[in-house]
Each structure stands twice: as C-alpha cells, then as structure tokens.
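User: I'd like to learn how to read the main features of a structure, one at a time. Could you walk me through this one?

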Amino acid sequence: MVLKWLTGNPGSRTKRILWSVLLLLMCMAPLFMTPFRLGLLTKFLALAILAVGLDLIWGYGGILSLGHGVFFGLGAYAMAMYLKLEASGTSLPDFMSWSGVEGLPWFWEPFRSFPAALILGMLLPALLALILGFFTFRNRIVGVYFTILTQALVMIVVTLFVGKQEWTGGTNGLTGYPSILGFNLNTPSTKIGLYFITLAALAGAYVLCRRIVSSRVGQVLEASRDGENRVRFLGFDPSRYKTFAFAVSGGLAGLAGMLFVLQVGIISPSMMGIVPSIEMVLWVALGGRGTLIGAIIGTVLLNSAKTGISEAYPEGWLLVLGALFVIVVVLMPKGLVGVWSKVVSSLSRRGGTVHAAVRKEG
Amino acid sequence: MEMTILQVFNGLSVSSILLLIALGLAVTFGLMNVINMAHGELIMIGAYSTYVTQGLFTAYMPKSWFDTYFIAALLVSFVVAALIGWLLEMILIRHLYGRPLDSLLATWGVGMMLQQIARFIFGAPNVAVTSPSWLNGGLAITSSIVLPYKRLFIIVLVALVLTAMYLYIYRTVQGRRMRAVMQNRNMAGCLGISTRRVDGLTFAIGSGIAGIAGCALTLLGPIGPSIGTYYIVDAFMVVVLGGVGKLIGTVAGALGIGMFNTLFETYTSASIGKVLVFALIVAFLQWKPRGLVALRTRSLD
C-alpha cells in the first residue's frame, strides 16, 4: 500500500515483492560488503540520483541535456567549499594563500555553515537550470539547438572554473578535507552512515520523479515531448512545464554532486566537463530512458564496468564507451529495460499460446 | 589604429577557421537534420592525413619537392575525410534519420572510438607538422604589424572553399538537388531525386571540408587525437547562431563569434570572454530563435 502510494502505479504483486526484496538487500549491503566496495556502491548510488533526474527531462520531456556535468559540479563544489572551510578552520583555504588571495571572497562566506551549503548545493544548480530553461524554452528553442547550448554551457563553466584558480582551485579542484561535522570521512562507520544517507536520497529522488511523471505535470511534459505544438493548441504552455522539470533535474544533479564529493574526496573541473556530461546520458540510455528505474540500473552497471575495465585496461575504456553509445542508440533505443520487457512479453506470449494449445487439446 | 588592425585581423583569422569547420556541420545539419558530433574527429583525420603525407614526402620524394607537400596534403585530407564520412553515413547515420538527438549520441560514440584509434596508431602525445617554407614569415604592413602568411593563407583558403561551396550549391545540378531536398524532402523524392544519393554525397562533402580544416590547423600548431574537440563546440555555436539552410548565415555566424571572441578576450580574460559570448548568443536567440538566417517553412510538426 505504501509502495503503491510511493510509486504512483499499482503494479502487480510480484513487482511489489521484488521491490521489497531489492530494498531489503540494499539495506543489508553493509553487512556483506568490504568498506571499499561499499564506498564504490555509494558513489554509484549518488550518481544514480543524477541519472534519475536526467531521465525525468530526457525520457519524459524529450529534452536532452549535455550540461548536467555543470549542475553536478555546482553541487559538488558547494559541498567541497564547506568541507574545505571546515578543514581550514580560521585560516584561508591552502590554495588561496598559494595564489596570494588576502581575504575570503564574499561568495565563499555562506559556505561556512553546513545547512547553507546543503541548500545552496541544490538551489544554485536548480537556479542556473531555471534561468537557462526560461530563456530557451520560452522561445521554443528545443531539440538539438537546446542540446548544443547546454554543451556550450559546460564548456564555458569549465573554462571559468579553471581560469579563476584563486577562487576555485583551478584544474586541481578542491581536495584535502578529511572530515564532515567532526566525523572522519574515512572510517567505516561514517562510510556506512553515508551509504544509508545516499540510499535514502536516491529513494527520495526516485519517488519525487515518479510522483512528478504520474501527475498532471508529468502528463503535460510527456505530451509536449510527443507533440509540442498540439499541447500549445490545447492551451498549455509547455515551456513552463519543461523549465520546471529542468530545474528539478538540475537540483537533483546538485544533490548527486554533494554526495559524490563526500565519497570521493575531490572535485575538479575535469569531472564536470564535456565527456563526463555526455557519459551521464549514456547511463540513462543504457538502462532505458523514460523508465526512471532504468536510469538507476544503467548507472550502477556502467560505472561498475568502468571501474573494472579502467583498472585492467585503461586505454580500452573510451573505446568501449564509444562502441556502447553506437550499440545502445542503434540496436536498443529503449535500453536494457526495453530489452527485458520484450523478452518477458515474448516469453509470456509463448507461454500463453502453449496454455491455449493445451486447453484446446484438453 | 594599429591595435584595431591587429584586432580585426585576429578576429578574421579565428572566424575563418570557425567557418571552415562549421560549413560542413551546417550543410549536414540543414540537409539531414543530423548533428554530427564526429565532425571534430574528421578534422583530426584531416590533420593526421597531412602528417602522414608529410612523412611520405620526406621519405620518398627529393628534398627540393618537400615544400609542395602541403598542396598534396590538402587533397589527401579532403579525400580521406570525405571517404570516411561517406562510410559513416552509409553504415550508421542513414539508420538514424528523423532522430536528431540519437544521431548526436551515436556519432559522439563514433568520435570517441576514432580518437582512441588515433591514439593507438599515432600515440597520445601531440605531433608537429613542419609547415612549408613558403608560408614562413609574414606580410609587414607597418613596422610593428606583421601579418603571418600562415593565417593569411588560411583566410584565402577559406574564401576559396566558400566560393567552391557556393558554386556547387547554387550553380550545379547536384547543388540544385541538394537545395530541393533541404527544402522539402518528400516532394523532392516524389519528383525523382534520389534523396539517398544526395544525402551520401552531401555528407561526404561536408566531411571533406572538415578534412581541409584539419589540414589547415596543422599550420597553427601541433596536432593530437583530441584536436577536434577544441573547436567543435564553437563550431556548433556558429551553426546555432547562423541558422541552417543558407551559406550566408553560417558566414555571418562565424564572423560574429570570431570577432566578438577576440574582442572580449583582449579587454577581459579568455574565460570571461567565453562567458560573454555565450550570454550574447543566448540573448540573440531571444530575438531570433532560429538563428540569423532560417529557411522559411509553413510546415508544423
């Protein structure tokens, strides 16, 4: 019953059981995983939050953003700025004194407080998405045009972050912060705590997006994906719905960035660049766009593969990544979830015909 | 005054390179509604073709002939890039018509693979191409202003390519077919134009121009497997700003972005300059969402 309310669709009994088992397994993960593996899983789950948000706008809104690296990065930097200030105490962060900065820049001040950093980490990316969305969707700049603009956004933000070394740490990014609120980030107990926080955040993001897509807003969003002008003729303003979804998606990416930084301990401009941003799209595409759950599956699978392949064979990863893009787009546009449901439906159809045949004979 | 001349020259130089890269993009996007993210890698292929041609000339040709290698390299780059582009269209892109966002992702994947393959063949570090000796030095306008021949050569090269494109599109039978398909694909098909062949040919030509761009880039510095990615985003912005369907839009877009980029970079910093250009483009799109020049159409989705 709770699940039904949460996911917004009734679902079959097996589905509900599957969900409960999955959730239970996820909760028990710390019991049978080494701290290192658990850390990896936490990282993947954090990234999955971003993927769910990306699926919301791409799968349901038909808006392909190649700019989610920026939103992710803004969240990550917000958290890193707080952590850096906590680690530096009353003195300036180390990279600032290297660059000869005298006092803390004004926009660093709010990040002294944890709640402020937490809110800004989601608010800033959401606001940036809101502004970009407002100025583009309003003019019916859609499809490829929008996608190219988001990619340009990535490029300029990365150049800006690299260029303003005295404020952002430049290419090195922000690193060197061992603890949060007094908890050491590297002890197993903190890791387990972070795991549950991340898991809860992911569940929250999933539920939020599920609620959105099954609401009226989601229906208008989906309709404007399929026929924007028709939606307009019906008296809706698609740009509002799109801007809203884009802002939510940006905020979720910021949340993902914050949790990611806690796990990895570093954020640098190269993690929010053009290649990582487009990689994020592949997570969703591989899992299956327009399914939300597919985004999570795709993220975890692809990142596990990335960890495995880059460990054994670093040059090969880009080749695999490129090939995956082509294969997924050409051969399985609905992703793994699409393949799965096709297999299930063909199996059940075969099963059905067998039953029918048996009945006939009987 | 001297400052202004230098400014204009630098702006023109940047614009000409952008234009060379964006030309192919604009044509394929206008015609097929396909965003070719592997365009940057076609540039890279052109650049490495030049590198290989130079190597062959050093190895097998008399020394006195070396300076002519660049002319040969221009041709080789065009042909190699055009062939690979044509193959790409045959194998992959024709399956993705009508799915512009998917074509974007798939071609990005192809670009990624091409980059990696280039890394396997030529190694990850950049390689340098020796420019022909007749392009060294520069044209002295006043005692303090010297315009490098290399950049002048690129501007002339772009002018030539542009003229050739213009003649092809507006003065030949093939070009007329291409414009017909661009305006109304179904109607052109009904009138007996093989849209498939037009698509393939256009894509090959667009890719070939990217190859020439790669060849030109070897004059400006060392080349590496990811050379295309430096330019590709700016080139896309040219297409967005200039609109699709008419050459003049692309020219204006390239000039606009190139000029403003150099202008802002002189008076602010490189990173702030980029931000300002981006803000200007978004502001401009508020006024003309379809870019400077757009084909008029009465169709609605």
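User: Which residues touch the most other members in the largest nonpolar core?

Analyst: First, some ground rules. This is a predicted model, where local features need pLDDT of at least 70, side-chain atom pairs count only at pLDDT 80 or more, and totals for chains, interfaces and linings use all residues. Residues are numbered from 1 along each chain as its sequence is written, chains are lettered from A and ligands numbered from 1 in the order in which they are written, and side-chain values use heavy atoms, with hydrogens and water left out.

In soluble globular proteins, nonpolar side chains tend to be buried together. A nonpolar core is a set of buried Ala, Val, Leu, Ile, Met, Phe, Trp, Tyr and Cys residues joined through side-chain atoms within 4.5 Å; buried means under 20% relative accessible area, exposed over 50%, and partly exposed in between (1.4 Å probe, protein chains only). Here the largest core has 197 residues, and Ile49(A), Leu174(A), Leu105(B) and Phe278(B) touch the most other members. Helix α3 (residues 35–60) of chain A gives this core its largest share, 15 residues. Helices (H or I, at least four residues) and strands (E, at least two) are DSSP runs, numbered from the N terminus.

User: What does Ile49(A) touch, not counting residues up to four places away in sequence?

Analyst: Contact means heavy atoms within 4.5 Å. By that rule the partners of Ile49(A), beyond four places in sequence, are Thr198(A), Ala201(A), Leu202(A), Ala205(A), Leu252(A), Leu255(A), Ala256(A) and Leu259(A).

User: Is Tyr177(A) buried or exposed?

Analyst: Tyr177(A) is buried, because its relative accessible area is 5%. This residue sits in the loop between β1 (174–175) and β2 (179–180) of chain A. A polar atom of the Tyr177(A) side chain lies 2.8 Å from the backbone oxygen of Leu174(A). Beyond four places in sequence, the contacts of Tyr177(A) include Ala80(A), Leu83(A), Val261(A) and Ile266(A).

User: How many residues does each chain bring to the contact between chain A and chain B?

Analyst: Chain A brings 46 residues and chain B brings 39 residues. The size of an interface is often given as the accessible area lost when the parts come together. Buried area is the accessible area (1.4 Å probe) that two parts lose on being put together, summed over both. For chain A and chain B this is about 4000 Å², 78% of it on carbon and sulfur atoms. Val144(A), Tyr145(A) and Ile148(A) supply 17% of the area that chain A buries against chain B, more than any other three residues.

User: How many salt bridges and polar contacts cross that interface?

Analyst: A salt bridge is a side-chain nitrogen of Lys or Arg within 4 Å of a carboxyl oxygen of Asp or Glu. The rule finds one across the interface of chain A and chain B: Asp102(B) meets Arg289(A) (3.2 Å, N to O). Asp102(B) also forms a salt bridge with Arg99(B), at 2.9 Å between the closest N and O atoms. At 7% relative accessibility, Asp102(B) is buried, whereas Arg99(B) is partly exposed at 26%.

A polar contact is a pair of N or O atoms within 3.5 Å; within protein, one must be able to donate a hydrogen and the other to accept it, and residues adjacent in sequence count only if both atoms are side-chain atoms. Five residue pairs (both at pLDDT 80 or more) are in polar contact across the interface of chain A and chain B. The side chains of Gln286(B) and Arg138(A) make a polar contact at 2.8 Å. Gln286(B) belongs to helix α11 (residues 270–287) of chain B.
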